[in-house]
Amino acid sequence: MNLQSTDFELFGVPARFAQDLGAIDARWKALQREAHPDRFAAQGPAAQRVAMQWSARINEAHRRLKDPMRRAAYLCELHGAPIDAERNTAMPPEFLMQQMALREALDEADDAASMEKIDQQSASLRRELLQKIERQIDTEADWPAAAQSVRALMFLDRLADEIDRKRSTIS
């Protein structure tokens with residue numbers, strides 16, 4: 001194991017978007033057992049510090065590989081297409097119109113049924129976008145397009161958070 005390995009190398013999985021999440025969890029548990037600082041107690045504080053670094057690195061990689069948005073962003077960055085969401089906010093007009101319509105509907109929603117309808121629409125768009133990202137990354141290797149799709153996914157994830165916040169005030 002090397003601290004400089006990619007998350008995919010560290011976990012021994014292919015560098016692609018589609019992943020077996022069960023295999024990732026199993027490998028995470030095995031890696032954590034190998035790197036647990038308690039295993040290095042007899043070797044002294046320096047060995048335990050290195051084990052803690054490994055443990056943190058393993059946890060970081062696990063979080064990134066498990067989360068579809070973070071995994072896609074990581075793959076894009078590995079292939080020279082950084083997400084750069086803070087500066088690159090350009091989106092196709094139809095996507096922006098769709099987002100505006102969903103946010104207006106959310107602003108107007110005042111009961112559980114209307115909230116559920118918006119949530120279902122948002123979840124459906126997210127599933128479609130994840131399928132698109134998988135195709136862009138795993139089949140087409142179109143990194144700039146995948147990066148733009150990841151930025152769109154970030155919009156949808158923020159919308160989902162807003163839906164959850166508003167739902168908690170209506171219930």
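**Around Cys 76**

Tutor: Beyond its neighbours within four places in sequence, Cys 76 is in contact with Ala 81, Pro 82, Ile 83, Trp 143, Ala 146, Ala 147 and Val 150. Keep in mind that this is a predicted model.

Student: Where is Ala 81 found?

Tutor: Ala 81 is in the loop between α4 (68–78) and α5 (93–108).

Student: Buried or exposed?

Tutor: Ala 81 has a relative accessible area of 8%. Buried means under 20%, so Ala 81 is buried.

Student: What is Ala 81 in contact with, leaving aside neighbours within four places in sequence?

Tutor: Ala 81 is in contact with Cys 76, Trp 143, Pro 144 and Ala 147.

Student: And how far apart are Ala 81 and Asp 67?

Tutor: They are 14 residues apart in sequence, and their C-alpha atoms are 18 Å apart in space.

Student: Back to Cys 76. Which residues touch the most other members of the largest nonpolar core?

Tutor: Cys 76 is one of them, along with Phe 11, Ile 133, Ile 137 and Val 150. The core holds 42 residues. Two or more residues come from each of α1 (7–11), α2 (21–35), α3 (45–66), α4, α5, α6 (112–139) and α7 (143–170).

Student: Which element gives the largest share of this core?

Tutor: α7, with ten residues. As a general point, nonpolar side chains in soluble globular proteins tend to be buried together.

Student: Let's look at α7, then. What span should its residues have at 1.5 Å a residue?

Tutor: The 28 residues of α7 should span 40 Å. The end C-alpha atoms of α7 are 40 Å apart, so the two values agree.

Student: Which residue caps the N-terminal end of α7?

Tutor: Asp 142 does, with a side-chain oxygen 3.3 Å from the backbone nitrogen of Ala 145.

Student: What about Ala 141, what is its phi?

Tutor: Ala 141 has a positive phi of about 50°, although it is not a glycine. Most residues other than glycine have a negative phi. Ala 141 is in the loop between α6 and α7, and it is partly exposed at a relative accessible area of 42%.

Student: Changing topic: pockets. What is the volume of the largest pocket?

Tutor: The volume is about 310 Å³. The largest pocket is lined by 16 residues, and those nearest its centre are Phe 95, Gln 98, Leu 129, Lys 132 and Ala 152. The elements giving two or more residues to the lining are α5, α6 and α7.

Student: Now the other end of the chain. What caps α2?

Tutor: Asp 20 caps the N-terminal end of α2, through a side-chain oxygen 3.0 Å from the backbone nitrogen of Gly 22. The 15 residues of α2 should span 21 Å at 1.5 Å a residue, and the end C-alpha atoms are 21 Å apart, which agrees.

Student: Which residues of α2 are buried, and what do they pack against?

Tutor: Ile 24, Ala 30, Leu 31, Gln 32 and Ala 35 are buried. The buried residues of α2 pack against α1 and α3.

Student: Why does Gln 32 count as buried?

Tutor: Because its relative accessibility is 14%, and the cut-off for buried is under 20%. The side chain of Gln 32 makes a polar contact with the side chain of Ser 55 at 3.0 Å. Not counting residues up to four places away in sequence, Gln 32 touches Ser 55, Ile 58 and Asn 59.

Student: Which residues are buried in α3?

Tutor: Ser 55 and Ile 58 are among them, and so are Arg 57, His 62 and Arg 64. The buried residues of α3 pack against α1, α2 and α4.

Student: And Gln 48, which helix is that in?

Tutor: Gln 48 lies in α3. At 25% relative accessibility, Gln 48 counts as partly exposed. Gln 48 touches Pro 37, Phe 40 and Ala 41, not counting residues up to four places away in sequence.

Notes. Residues are numbered from 1 along each chain as its sequence is written. This is a predicted model: local features need pLDDT of at least 70, side-chain atom pairs count only at pLDDT 80 or more; totals for chains, interfaces and linings use all residues. Side-chain values use heavy atoms; hydrogens and water are left out. Helices (H or I, at least four residues) and strands (E, at least two) are DSSP runs, numbered from the N terminus. Buried means under 20% relative accessible area, exposed over 50%, partly exposed in between (1.4 Å probe, protein chains only). Contact means heavy atoms within 4.5 Å. A nonpolar core is a set of buried Ala, Val, Leu, Ile, Met, Phe, Trp, Tyr and Cys residues joined through side-chain atoms within 4.5 Å. The expected span of a helix is 1.5 Å times one less than its number of residues. A polar contact is a pair of N or O atoms within 3.5 Å; within protein, one must be able to donate a hydrogen and the other to accept it, and residues adjacent in sequence count only if both atoms are side-chain atoms. On a 1 Å grid over the protein atoms alone, a cavity is a set of points where a 1.4 Å probe fits but cannot get out, and a pocket is an open set with protein on both sides within 12 Å along at least five of seven lines; lining residues have an atom within 4 Å of a point. Grid points are joined across faces, edges and corners, and a volume is the space filled by probe spheres set on the points.
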